[in-house]
Amino acid sequence: MSDRTNVLIPEIGMITDVRRDTPDVKTFRVNGLEGRKPFDHMPGQCAMLSIPGVGEAMFSITSSPTNRDYMEFSIKKCGCLTDWLHQMEKGQEIALRGPYGNYFPVDTELKGKNLLFIAGGIGIAPLRSVINYVIDNRADYGQVDIVYGARSAEDLVDLEEMRKDWSKVQGFRVHLTIDRAEEGWEGNVAFVPDYVRELKFSNDRTVLVCGPPVMIKYVLKALEEMEFASTQVYTTMELKMKCGVGKCGRCNIGAKYVCKDGPVFRYDELGVLPSEY
Amino acid sequence: MLKMPLERLDELFFELSKEHQIFAPMEKAGSVSFFPWKKGDTLCFDTLLTDRAPKSFFFPQSETLYRARKEEGSLSIVPEEAEEKSAVYFGVRACDRRSFELLDRVFLSTPCDSCYESKRRNGYVVALACKNPENTCFCQSFGIDPAWPGGDVSVWIADGELYWKSLTEKGDALTELVSEMFEEGDRKKVEEQKAEIRKKLDALPLKDLSLERFEHPDSSMELFESEQWESLSETCLGCGICTFVCPTCQCYDICDYNAGHEVRKFRCWDSCMYPGFTEMAHGNNRNNQMQRFRQRFMHKLVYFPENNGGIYSCVGCGRCLRKCPSSLNIARVIKALGENGTEGGNHE
């Protein structure tokens, strides 16, 4: 938590780089006004970004905590605030507060394990933080497989980073897939859950899943068929949030608040929550 | 126990007002609520419940968090300074006084909400015993004793006397300010009034409201899946009045007000009864009124207790019984779910 008496008051950050990843996803690099990263975080944690007069929303921090220089957010254009964000350029200022929520247990449960990351579309955003953290602490983790799918090749976020960096790390394998075949695509064509089945992973792995709710639902079903235990699977949730600190009441599911008790949940924790909210 | 003649109340307030702002129940435009006191004001201590719950002392309906300005492309954020004015809230009833403890659990838990904390820290609660609990009251279901209202100071009005009992350090500080006006009082009158109040409580229609069904967390999903939510919520208009008059509802929104030269970020009460409460760009996770209705009561009766050592997020004040245009209320829900199938009848 940044050092402020009122946790709802943001600080000012500057956009120091904007990268277009897909037709509707951009990655924004943000620095604090002193030039350093605005605040520390752990992989999977979020921050509230706001443009005064437009609004405020929670986004996962996509850069790894091992990066001490800046913070990145990969944001899909899908509403009022994100439309505004997509018009913003390098050098412009935004307000941000955080970090909020829990994080993937990189220093405990994930340590020493073989990992399987499964992502769909913009769902790669929160996982990117963990993946880069694992790369920077390579000796602490076993074999890593990343299954990543999107509707089409151009919708695969961070494709460049994956090709350039991730697949070259020792013990890393990147499996890309798109929903429908298209010209020029030589990779796999299948929905993510089907591809996971096809790849026949051994069920000794710890799995991190993030993507659209429908994808998560069928991936979990596939993992169940492959006899993964619900205690081996982590996912992240997304609900409307305003305060980010478990008080405004919006992201309440059962006795949990997604902004505070989540966004990361182990699958067995989700099993005891209501299936609809 | 101290006492003074009730007719000197104006004088007492005047003394207290030298150090604190005073709020007390008064009638304005046909409605009784807490208003700032000034000499000569007529107070309404016979009205049992104010229309607006006194939660707004600490959690105002709307408050500015900060102001954002943009000058020459550069953004600045100016936090609203925390209010440090001290205030005495005189005549708060036992149920509303308990609601402050429930709000504390939300706002003072880590990370502490500094806007709430400063107002709470600077607020002195003088709680008044309820001489005449009404048919819509069921505070005793939540272990609240309207005859012993708590607060920093508990007061009783009996036989033209104001009885005064300090209960906290803050209460002692208030007593010190006005001690010369008081004399030692006999507890007898207060004990008599307490006995009388408890007798009245035993005759109230909702005295047997049982929370037994909600005491076993294992059945929470069973309650969530109850078929009764459909029929219980059928006539809910989604107007949200239940949440606004409720002394324990604490959901809020954070909004921007564009004043041209600056953007004022404020927070204001919100309601889980409204469709927009959970609506995101990609859809809504509570699509119908039944789901929203269920959320409110599951939160009060199951989720809040789960996070707070079994304490329900209701104080039995009965405002929702009085104000709902469709006669829906928490007592009805407790009865319906508690009686395992048969919907609880009318509360009247």
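## Exercises on an annotated cysteine site and the A–B interface

UniProt, in an unreviewed entry, lists C243(A), C248(A), C251(A) and C259(A) under "binding site"; such annotations may be inferred rather than shown by experiment, and positions follow the numbering used here. The four are spread over 17 residues of sequence yet cluster in space, with a largest C-alpha distance of 10.2 Å. This is a predicted model, in which local features need pLDDT of at least 70, side-chain atom pairs count only at pLDDT 80 or more, and totals for chains, interfaces and linings use all residues. Residues are numbered from 1 along each chain, chains are lettered from A, and side-chain values use heavy atoms without hydrogens or water.

**Exercise 1.** State where C243(A) is found and whether C243(A) is buried or exposed.

*Solution.*
- Step 1: C243(A) is found in the loop between β12 (233-236) and β13 (252-253) of chain A; strands are DSSP E runs of at least two residues.
- Step 2: The relative accessible area of C243(A) is 1%, so C243(A) is buried (under 20%, 1.4 Å probe, protein chains only).

**Exercise 2.** Name residues of chain B in contact with C248(A).

*Solution.*
- Step 1: Contact means heavy atoms within 4.5 Å.
- Step 2: Leaving aside neighbours within four places in sequence, C248(A) is in contact with residues including C251(B), Y252(B) and F277(B).

**Exercise 3.** Give the number of salt bridges between chain A and chain B, with one example.

*Solution.*
- Step 1: The rule (Lys or Arg side-chain nitrogen within 4 Å of an Asp or Glu carboxyl oxygen) finds three across this interface.
- Step 2: One salt bridge joins the side chains of K242(A) and D253(B), at 3.0 Å, N to O.

Terms used:
Helices (H or I, at least four residues) and strands (E, at least two) are DSSP runs, numbered from the N terminus. Buried means under 20% relative accessible area, exposed over 50%, partly exposed in between (1.4 Å probe, protein chains only).
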